[in-house]
Amino acid sequence: MTSSEALLDLAMKMPKAELHLHIEGTFEPEQMFAIAQRNQVVLKYNSVEELKEAYQFENLQDFLDLYYQGMSVLLKEQDFYDLTMAYLKRVHEDNVVHVEIFFDPQGHLSRGVSFETQIKGIYGALKDAERDLGITFKLIMSFLRHLDEASAFETLELAKPFLEWIDGVGLDSSEVGHPPVKFENVFRECKALGLPVTAHAGEEGPPEYVWQALDVIGVDRIDHGNRALEDEDLIATIKHKGLTLTVCPLSNLKLCVVDTLEDHPIRTMLRYGLNATVNSDDPAYFGGYMNDNFAALVKDTGISKDELYALACNAFEGSWLDSKSKQQHLMTLKSLFA
Ligand SMILES: Nc1ncnc2[nH]cnc12
Ligand SMILES: [Zn+2]
C-alpha cells in the first residue's frame, strides 16, 4: 500500500462524528420518488435521472430552491422516520459513531405538517439507530433565516413540549441579507432555556456576519465559517474562544464557495489553530457522505496524517457529548493513529 492509500484507508476506517448535517438534505432521489408516490404527491421532475440532472448549483440559493421542493413530499411521521433511518444506516457504513443533526421545522410547518409529526419521526429513528447501530446523537432545531423573527418565536413555542428531545438550536437557509442580528431576541430566549446555539455564518455571508454570530448571538459553534479567514482579528477571536468550525468540503465545492478542492481553506484553518471539522451538510445533493468528504480531502488537498487526526479529534471535542464520552472516542482515535 502506498502512503496515500494507507491514509485513505485510515480515513475511511476511523470513527467519526458528524456535526453539520441537515436531515432534509439526505433525501436521496430514489427515496424522494418512493415517498412522493406513497403520499400521492407529484414532483416537478419525471424521473430520478431528471431530478439528478437538476443538481447543478451556482450558489446557495440555487440549491435551497431545490431543497425546499424536495422536502415537500414529507408529510407523515413515517416519512421523517424513513428519511432519518436511511441516513443513519448509510453513515454507519462510513464508521460514523455520533451525529448532531439539524431539522428545519419551518420548512414543514408552512406545508401543514405539525411539529409533533416531524420530531416524532426523526427522534424515533435516532433512538432506534442508537439501540440497533450504536450511533449516539444530538438533535438541533434550526431556524430559517429568510423568514422573520416572529416565525422563529412561533416555532420555539411549538418546540417547548419537546425540549427534552432537542439538544440545541441553529440558524440556516439564505445567508446574505439575513444577518444573525435579525434573530438576536429569539436566540436570547433559547439560551435562557439552556439550549446550546450554533449558526451558519461565513458560508456566503461576510466576516461581519460571523462577528454577529459570536458577539450578538453568542454561538457555541460556527457552521462553515469559511469567510472568517478574510479577517485576522476574527481568526484570532475564534481561536481564542476555542470555537469549532463545522466545515463542509463537498458542499463548498458544489455551491461554488470554492472553485476547486485544492483551494479549500480547511488546511489553512488548521494551520491557524482553528478547530475545523469535516461534515457533509446535504449529502444527497452534494455528491457525498462523510467518507466521500474525507476521501476527497485525501485525494485533492494533500492532507497529512497529523491533519487527518486533528480533524477527527476536533469533531468529538466540538460535539455536545459529555466529557467522558468525548474522552473515550479520543482515546480510540489516539490508539488508531499511534
Ligand atoms: N449549506 C446550507 N447553508 C444554509 N442553509 C442550508 N440548509 C441546508 N443546507 C444549507
Ligand atoms: Zn448547512
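Two strands pair if DSSP finds at least two bridges between them. Helices (H or I, at least four residues) and strands (E, at least two) are DSSP runs, numbered from the N terminus. The model is predicted: local features need pLDDT of at least 70, side-chain atom pairs count only at pLDDT 80 or more, and totals for chains, interfaces and linings use all residues. Residues are numbered from 1 along each chain as its sequence is written, while chains are lettered from A and ligands numbered from 1 in the order in which they are written.

The chain has 17 helices and 8 strands. Its radius of gyration, taken over C-alpha atoms, is 19 Å, close to the 20 Å that the globule rule gives for 338 residues, so the chain is as compact as a globular protein of that length. That rule is 2.2 Å times the number of residues to the power 0.38. Along the principal axes, the C-alpha atoms fill a box of roughly 50 × 45 × 40 Å.

Four strands form an open sheet in the order β1-β2-β3-β4, with parallel pairing. Strands β1 (16–22) and β4 (168–172) stand at the edges with a single partner strand each, so one side of each is left without a neighbour in the sheet. On average, neighbouring strands of this sheet are turned by 25° against each other, direction ignored. Within the sheet, β2 (residues 96–103) and β3 (residues 136–144) pair in the parallel sense over 6 bridges. Here Val99 stands opposite Phe137 in β3.

Next come the helix pairs. Axes are lines fitted to C-alpha atoms, for helices over the stretch in contact, and angles run from 0 to 180 degrees between N-to-C directions. The axes of α1 (residues 3–13) and α15 (residues 290–301) come within 9 Å and cross at roughly 160°. The two helices are therefore roughly antiparallel to each other, a term for angles over 145 degrees. Residues are in contact if their C-beta atoms, placed from the backbone, lie within 7 Å. On the α1 side the contact is made by Ser4, Leu7, Leu8, Ala11 and Met12, and on the α15 side by Asn291, Phe294, Ala295 and Val298.

The axes of α16 (residues 305–317) and α17 (residues 323–337) come within 9 Å and cross at roughly 165°. That makes α16 roughly antiparallel to α17. Their contact involves residues including Tyr309 and Phe316 of α16 and Leu330 and Phe337 of α17.

Definitions and conventions. Parallel < 35°, antiparallel > 145°, perpendicular 65-115°, else oblique. Contact = placed C-beta atoms within 7 Å.
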